[in-house]
There are 2 protein chains.
Amino acid sequence: MIGPGIKRGTAELAVLSVLEDGPLHGYEMARSIERQTQGSLRFTLASLYPLLYRLEKRGWVRGAWETSRTGRRRRCYRLTSEGKKRLSPIRKEWAELFRALKRLTKVSHA
Amino acid sequence: MIGPGIKRGTAELAVLSVLEDGPLHGYEMARSIERQTQGSLRFTLASLYPLLYRLEKRGWVRGAWETSRTGRRRRCYRLTSEGKKRLSPIRKEWAELFRALKRLTKVSHA
DNA sequence: CCTCTATATATAGGATGCCTATACGTAGGA
DNA sequence: TCCTACGTATAGGCATCCTATATATAGAGG
């Protein structure tokens, strides 16, 4: 049974997924998601930041302030081992949603 | 670019899809969606009815009161030609979301 | 007869997640 | 000087889903 949260949480899956490939700060995450999906999926920073705070509060990601060469302060997030562990069932839930919608309708998934 | 609405509207796609196979009343829609997805996707009637009113207001479905043999009154909804026309781009948008998430993460879609 | 379950529609109220708008601030090019 | 890119942060709004509740008929079992 797919929970209610899954039908929304696209951003959560996206963020955890890009963080799996290595630490990133918020601004770069948004860019990375947009680039990797060729512009299909975009999130505003205003939705990403609160999401990152939630994820950090849960212990799925950990943020650390750093200062770039140019002296700009930014918060670099990395996936925790807890977060890595949680990603797998989330992916399974999404796969289930895909299967369900595929059965119900005729959404191609090429 | 995937619109903001698409990341939710699972119910909309589901309802329009089951109505494509023939007219149904609300209660039966919920059963049909659950059955066709083998229980993976369920909606409460409390979310389906308001959705049907919205769809009817847009002219995508049309509801008609009918009385069953047993004398029970119920509202039978059918997909309008307008609704049929709208279903196709919605499916395309979902397919795009699937592709995007597939690229981003490693959601299997078997 | 009474109660329980299935059928059937309807609305109120709440939670959540994403949005726009706005704010603050640095760096670099025109 | 102004504009764009970079970078984080919060307030306020809206849509969609949820739970809870109301109403009402049909049929089965006690």
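Let's start at the DNA: 27 residues surround DNA strand C, and the closest are A:A46, B:H25, B:G26, B:A46 and B:R74 (a residue is near a molecule or strand if its C-beta atom, placed from the backbone, lies within 6 Å of it). Keep in mind that this is a predicted model, where local features need pLDDT of at least 70, side-chain atom pairs count only at pLDDT 80 or more, and totals for chains, interfaces and linings use all residues. Residues are numbered from 1 along each chain as its sequence is written, while chains are lettered from A and ligands numbered from 1 in the order in which they are written.

**Around DNA strand C**

- Two or more residues each come from α1 (10-20) and α3 (45-58) of chain A, and from α2 (26-36), α3 (45-58) and β3 (73-79) of chain B. Here helices (H or I, at least four residues) and strands (E, at least two) are DSSP runs, numbered from the N terminus.
- The top contributor to this surface is α3(B), with 4 residues.
- Sorted by class, the surface near DNA strand C has 10 nonpolar, 10 polar and 7 charged residues. Ala, Val, Leu, Ile, Met, Phe, Trp, Tyr, Cys and Pro count as nonpolar, Asp, Glu, Lys and Arg as charged, and the others, Gly among them, as polar.

**Around DNA strand D**

- DNA strand D is surrounded by 27 residues, with A:H25, A:Y27, A:A46, A:R74 and B:A46 the closest.
- Elements giving two or more residues here are α2 (26-36), α3 and β3 (73-79) of chain A, plus α1 (10-20) and α3 of chain B.
- The largest share of the surface near DNA strand D, 4 residues, is from α3(A).
- By class, you get 10 nonpolar, 10 polar and 7 charged residues near DNA strand D.

**Where the two chains meet**

- Chain A puts 31 residues into the contact, and chain B puts in 31 residues (two residues are in contact if their C-beta atoms, placed from the backbone, lie within 7 Å).
- On the side of chain A that touches chain B, α1, α2 and α4 (81-104) each supply at least two residues.
- The most comes from α4(A), with 10 residues.
- That side of chain A has 14 nonpolar, 9 polar and 8 charged residues.

**Inside chain A: the layout**

- Chain A has 4 helices and 3 strands, and its elements run α-β-α-α-β-β-α from the N terminus on.
- Its C-alpha atoms fill a box of roughly 55 × 30 × 20 Å, taken along the principal axes.

**Inside chain A: two helices crossing**

- The axes of α1(A) and α4(A) come within 10 Å and cross at roughly 130°. Axes are lines fitted to C-alpha atoms, for helices over the stretch in contact, and angles run from 0 to 180 degrees between N-to-C directions.
- That angle makes α1(A) oblique to α4(A) (under 35 degrees counts as roughly parallel, over 145 as roughly antiparallel, 65 to 115 as roughly perpendicular and the rest as oblique).
- In this contact, A:L13, A:L16 and A:E20 of α1(A) meet A:G83, A:L87, A:I90 and A:W94 of α4(A).
- Those residues split into 5 nonpolar, 1 polar and 1 charged.

**Inside chain A: the sheet**

- In chain A, 3 strands form an open antiparallel sheet in the order β1-β3-β2 (strands pair if DSSP finds at least two bridges between them).
- β1 (24-25) and β2 (61-67) of chain A are the edge strands, each pairing on one side only.
- β2(A) and β3(A) pair over 7 bridges, in the antiparallel sense.
- For A:G63, the bridge partner in β3(A) is A:Y77.
- Lying across β2 and β3 of chain A is α3(A), running at about 120° to β2(A).
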